[in-house]
Amino acid sequence: MSRFKSEFLAELSARGFIQDCSDYEGLDALLKSQIVPGYIGFDATATSLHVGGLMQIMMLRWLQKTGHKPIVLMGGGTTRVGDPTGRDEARPLLTPEKIEENKAGIRKVFVNYLTFGEAPTDAIMIDNAEWLDKINYLDFLRDYGRHFSINRMLSMESVKLRLEREQAFSFLEFNYMLLQSYDFVEINRRYGARLQMGGSDQWGNIVTGVDLGRRMGTPDLFALISPLLTMSDGRKMGKSLGGAVWINADMLSPYDFWQFWRNIPDADVERFLKLYTELPLDEIARLGALGGSEINEVKKILADEVTALAHGRAAAEAARATAQATFEAGALGADLPSVALSAEEAAAGVSLGQLFQRAGLASSGKEARRLFSEGGARVNDEPASDPARLIGAADLAAGPLKLSAGKKRHAVVTL
């Protein structure tokens with residue numbers, strides 16, 4: 001039986017989302033008594049989030065499903081500073097134009113996970129540039145800066161590690177904690193948020209905001225963090241052998257997204273079913289108990305459910321059908337990533353190395369050459385050793401050309 005009385009904390013606890021909370025009893029009582037607005041911040045450092053952030057997106061989804069109000073905070077302001085958490089060096093500074101482009105891409109992720117609108121539990125999306133861009137520096141130092149302890153800030157893990165390694169830590173980065181803490185107070189004032197969630201690497205920043213709220217006389221604020229995940233084979237969540245696993249379809253096809261989940265290690269299946277799907281826990285326990293060849297069918301269920309949330313049920317079914325055609329029937333699935341050559345390119349010829357890069361099977365020319373030299377490249381299921389070999393109209397006269405990187409990543413070349 002759950003130690004929690006609120007549906008939200010009970011569900012998250014049972015599924016493995018919770019690592020720590022600033023006040024379990026207080027938050028549980030608040031969630032039980034009223035609709036609680038809660039938020040998570042996402043800085044606009046790329047044009048899509050990757051699956052490393054999917055845990056936080058699911059926390060917002062469960063918040064809404066259990067009767068509360070999710071707030072998606074876009075970090076249009078804080079991105080201009082750059083979060084130093086977990087970094088050995090400063091993040092590259094982005095132009096305002098690039099930040100706007102990234103924000104537009106990230107927004108696409110949330111429409112499949114949250115219901116936006118005007119109802120009490122409908123999600124809203126806000127941007128901290130709305131208030132951070134208007135800060136008067138002297139007023140901010142006087143009204144808020146006096147509540148921050150340099151001694152405490154220096155003890156934060158993100159700061160301490162950089163200083164211990166004698167790595168540069170700029171004053172710009174040092175201010176990030178102040179801005180994130182101020183966000184919490186401001187979002188409470190404007191939108192009534194009482195809860196901030198995030199990964200465990202954000203614990204110091206979030207509880208500093210809780211403390212700032214207390215000093216500024218706001219109602220009790222709460223921090224809730226999830227564990228940082230790695231896969232059982234040691235890979236960082238959100239990374240695959242081919243690079244980052246993006247959520248946006250224009251950054252990574254739904255088929256490749258499906259394949260990522262289909263190919264996770266066996267040891268992670270039950271844990272990921274709890275975190276990244278909405279299947280009932282008793283059904284997950286049943287699936288998790290299966291072994292042998294049956295585990296592959298469970299992985300397909302995981303891939304189906306996660307892909308359906310991110311891209312829609314039709315995209316998940318198409319990805320499964322493509323995988324079945326490619327791996328089980330020996331055909332070319334219709335949903336495989338493809339590269340279309342123009343008539344001019346087909347006449348001149350394009351090297352296999354370039355085609356592997358354009359198909360997303362290699363992230364660079366160096367990686368493509370390594371793939372060929374190590375025997376991982378195949379063309380129409382035959383080993384290929386020469387990345388400089390030109391592919392042209394004659395090679396495509398009989399139909400599409402199948403490219404393979406290893407046993408599980410495929411693409412097609414067409415005219």
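# Reading salt bridges, burial and strands

Q: Which residues are linked in a network of salt bridges?

A: In this predicted model, E130, E186, R189 and R190 are linked in such a network.

Q: How many salt bridges does a search of the whole structure find?

A: The search finds 19 salt bridges. A salt bridge is read from a side-chain nitrogen of Lys or Arg and a carboxyl oxygen of Asp or Glu within 4 Å. One of the pairs is R15 with E11, whose side chains meet at 2.7 Å, N to O.

Q: What separates R15 and E11 along helix α1?

A: About one helical turn separates R15 and E11, because they are four residues apart in helix α1. Both residues are buried.

Q: Which residue forms a salt bridge with K98?

A: E101 does, and the closest N and O atoms are 3.4 Å apart. E101 and K98 are three residues apart in helix α4, residues 96-110, so about one helical turn lies between them. To judge exposure, read the relative accessible area: under 20% is buried, over 50% is exposed, and values in between are partly exposed. E101, at 45%, is therefore partly exposed. K98 is also partly exposed, with a value of 31%.

Q: Which parts does the salt bridge between E278 and R61 tie together?

A: In the E278 and R61 pair, the closest N and O atoms are 2.3 Å apart. E278 lies in the loop between α13 (269-276) and α14 (281-288), while R61 lies in helix α3 (residues 54-65), so the pair ties together parts that are 217 residues apart in sequence. E278 is partly exposed, at 26% relative accessible area, whereas R61 is buried, at 16%.

Q: What share of the contacts in the chain comes from residues 24 or more positions apart?

A: Among contacts with a separation of 6 or more, such residues account for 73%.

Q: Is S6 buried or exposed?

A: S6 has a relative accessible area of 2%, so S6 is buried. This residue lies in the segment before α1 (7-15). Leaving aside neighbours within four places in sequence, S6 is in contact with D28, L31 and K32. With D28 there is also a polar contact of 2.6 Å between the side chains. For the chain as a whole, 51% of the 415 residues count as buried.

Q: Where does L138 lie, and is L138 buried or exposed?

A: L138 lies in helix α6, residues 137-143. Its relative accessibility is 61%, so L138 counts as exposed. Together with Y137 and L141, L138 makes a nonpolar surface patch of about 310 Å². The chain exposes about 19000 Å², and carbon and sulfur atoms supply 51% of that area.

Q: How many helices and strands are there in the chain?

A: There are 19 helices and 15 strands.

Q: In what order do the six strands of the open sheet stand?

A: The general idea is that strands of a sheet pair through backbone hydrogen bonds, either parallel or antiparallel. Here the order is β1-β6-β5-β2-β3-β4, with mixed pairing. β1 (20-21) and β4 (124-127) stand at the edges with a single partner strand each, so one side of each has no neighbour in the sheet.

Q: In which sense do strand β3 and β4 pair, parallel or antiparallel?

A: Strand β3, residues 69-75, and β4 pair in the parallel sense over four bridges. For L73, the bridge partner in β4 is I126.

Technical notes:
Residues numbered from 1 in each chain as written. Predicted model: local features only at pLDDT ≥ 70, side-chain atom pairs only at ≥ 80, totals over all residues. Heavy atoms only, no water. Patch = residues over 30% accessible without salt bridge, like charges linked within 9 Å, V, L, I, M, F, W, Y side chains within 5 Å. Areas by Shrake-Rupley, 256 points an atom, 1.4 Å probe, with all protein chains shown as cover. Helix = DSSP H or I, 4+ residues; strand = E, 2+ residues; numbered from the N terminus. Buried < 20%, exposed > 50% of the residue type's maximum accessible area, 1.4 Å probe, protein only. Contact = heavy atoms within 4.5 Å. Polar contact = N/O pair within 3.5 Å; in protein donor to acceptor, adjacent residues only side chain to side chain. Pairing = 2+ DSSP bridges.
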